[in-house]
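Thanks, everyone. Let's look at the structure together, starting with the aromatic side chains and then moving to the sheet and the surface.

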Amino acid sequence: MSGDEPEGMFSAKGSPDDPEFVEEALPEVDSSDVSVQDDERKSMRDVVMQRTGMDFGIFGEAMTWKAFAISVVLFSFIAYTGLTVFGLSASLLSTGGEAEQATDFVIPTLNRTDIEGPVVNETGWFRLSEHRGEIVIIDFMAHDCSNCHTVQAHLEEEMDGWSNRDSTYNLTIIAVGSWYSEDLAYLNTSGGTYHVPYYATGMGSTTAAITNASTDERADVRDEYNAFAIPIVYVLDHEGYIVATRSTGIGDWGDFDAAVIAALDGEAEELRLGLRDIGTDWKGIFFLGMMLSVLVYFSPCAFPVLPGFISYYLSLGAREEELIAAGKLKGKMPSAVVIGLLSGIGMWTFFLIIGGIAAAMGEAFARSGIITYIALGVAILLLVLGFFMLTGGTAHLTGFVQRFVDRYSTTEADETFTPRRNMYLYGIGYAAASIDCTAAAVIPFVIYLSTLGGDSVSVGLGALMLGLLILMVFVTSMVSLGSQVMIDFLRRSTGMIKMVGSWMMMFAGIGLTIFLTNPELVASAL
């Protein structure tokens with residue numbers, strides 16, 4: 001270093017390579033300070049683990065990643081199958097009933113000269129009845145409904161081909177804004193994954209539907225078309241009858257597109273459907289409820305402990321005479337079938353309460369147009385709770401229910417032993433435990449049913465509860481047959497089952513988030 005150079009960090013002892021320089025340049029660190037900091041970090045970690053039960057060390061265990069691999073396979077299968085089942089359910093929900101002409105409606109539009117101009121009156125309003133003699137596709141949508149964008153993309157991709165066909169009838173497509181918190185100006189503003197539709201677009205309202213032309217009686221257009229849960233799109237033939245409907249942008253559009261072409265060619269009369277039956281046919285709703293009952297019953301939050309508990313209760317039958325002689329038991333111990341029935345009825349009680357709450361809130365949520373945001377919140381909650389469970393934490397979302405069950409349950413050590421009441425209460429507790437894993441499925445399901453109106457909630461909940469009762473009686477009967485091998489297997493597998501369930505909760509949260517925010521990606525993968 002030359003003498004001209006200013007003194008600085010390196011000039012005091014000539015060179016960083018000089019041992020003396022290193023000794024003076026680096027401040028001394030008291031090893032006791034490092035030890036104290038490490039102790040503080042450990043102490044904070046220990047507090048978190050003690051209060052939540054979380055243990056991040058599980059990511060270093062082989063079983064965690066084995067569960068991860070199993071979860072990837074299971075989730076991929078269930079996700080694909082689920083979309084297929086949803087398509088089948090949508091088909092079931094869209095059939096039956098006597099065909100009727102679709103309700104007339106009139107709505108204000110964006111009134112763009114080249115797009116709405118040819119299909120609206122001089123004031124820019126669209127009236128459905130003025131297009132009798134044409135094929136009309138009605139797209140119930142919203143600016144912030146991400147799944148609606150997938151439907152829109154498909155219609156825009158196909159509309160030129162449909163319009164340019166040498167067909168018997170002309171085609172008109174009209175988008176109806178169905179979230180009334182939005183307005184025409186917002187629908188006319190592109191942003192994010194949304195762009196203003198390339199086909200006619202208007203805004204629905206609570207007075208848009210004309211239910212009686214002679215008296216000008218009006219109603220909400222969403223009520224008349226069961227369009228609270230969007231997206232939903234209808235194809236009307238030249239006489240105004242619905243010949244096809246679709247309630248998702250995901251999956252195969254073959255049947256829908258074929259119906260459009262048949263209508264354009266005047267060959268869709270056999271495809272006509274009853275409007276009021278669409279979305280409320282009991283067969284599809286019942287099917288969905290039964291499928292959901294399987295998910296709820298085998299919840300990893302509750303199922304692993306069920307066979308052992310039932311086995312314990314059945315084993316008390318051997319002490320029946322002893323308990324009766326001691327005055328603790330009145331009558332005989334319940335049979336396996338009775339235990340299953342009582343536990344199932346307990347589960348019914350819990351889900352009836354949950355269903356009542358969700359049903360009361362559902363229509364309000366649907367009318368406000370915030371169901372998508374609620375679903376996104378549920379997706380994030382799934383991800384967080386899944387991680388929490390994987391690391392050993394317990395959500396205890398319904399811990400107050402378990403405290404209620406514990407308070408009113410009895411044991412053979414009490415003065416009076418009440419096995420029937422206990423099994424009923426156990427059913428309530430079992431349902432409450434399973435809700436940690438299945439609330440994200442059960443509550444949106446009931447909210448969705450509530451938007452359909454009619455007997456949808458009672459039919460859907462009835463199917464859910466019937467499925468739970470059948471499963472509870474079946475498993476209880478199997479355990480009573482002395483299947484100790486199954487009980488031992490479940491006990492040994494409890495840890496793995498919980499890990500797989502936790503990973504799948506996180507996958508579900510991630511998948512649902514992608515589905516809600518980028519449905520085009522999901523559609524392209526199928």
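Phenylalanine 59 is partly exposed, at 28% relative accessible area. Tryptophan 65 is partly exposed too, at 40%. For these classes, buried means under 20% relative accessible area, exposed means over 50%, and partly exposed is in between, with a 1.4 Å probe and protein chains only.

A word on the source. This is a predicted model, where local features need pLDDT of at least 70 and side-chain atom pairs count only at pLDDT 80 or more, while totals for chains, interfaces and linings use all residues. Residues are numbered from 1 along each chain as its sequence is written, and side-chain values use heavy atoms, with hydrogens and water left out.

Now the rings. The whole structure holds 12 aromatic pairs. Rings of Phe, Tyr and Trp (its six-membered ring) pair if their centres lie within 6.5 Å; planes under 30 degrees apart are stacked, over 60 edge-to-face, and the rest tilted. Phenylalanine 59 and tryptophan 65 have ring centres 6.3 Å apart and planes at 45°, so this pair is tilted. Both belong to a cluster linked by ring pairs, along with Phe68, Phe387 and Trp503.

Next pair: phenylalanine 105 and phenylalanine 126. Their centres are 6.1 Å apart and their planes at 35°, so they are tilted. Phenylalanine 105 and phenylalanine 126 are both buried.

Four strands form an open sheet in the order β2-β1-β6-β7, with antiparallel pairing. The edges are β2 (125–127) and β7 (217–219); each has a single partner strand, so one side of each lacks a neighbour in the sheet. Neighbouring strands are turned by 30° against each other on average, direction ignored. Axes here are lines fitted to C-alpha atoms, for helices over the stretch in contact, and angles run from 0 to 180 degrees between N-to-C directions.

Strand β6 (residues 209–212) pairs with β7 in the antiparallel sense over three bridges. Two strands pair if DSSP finds at least two bridges between them. Which residue in β7 is the bridge partner of asparagine 212? Glutamate 217.

Last, the surface. Leu383, Ile510 and Ile514 make a nonpolar patch of about 210 Å². Leucine 383 is found in helix α12 (residues 371–390). Helices (H or I, at least four residues) and strands (E, at least two) are DSSP runs, numbered from the N terminus. Leucine 383 is partly exposed, at 34% relative accessibility. Patch residues have over 30% relative accessible area and no salt bridge; nonpolar side chains (Val, Leu, Ile, Met, Phe, Trp, Tyr) are joined within 5 Å, like charges within 9 Å. A salt bridge is a side-chain nitrogen of Lys or Arg within 4 Å of a carboxyl oxygen of Asp or Glu.

Definitions and conventions
Areas by Shrake-Rupley, 256 points an atom, 1.4 Å probe, with all protein chains shown as cover.
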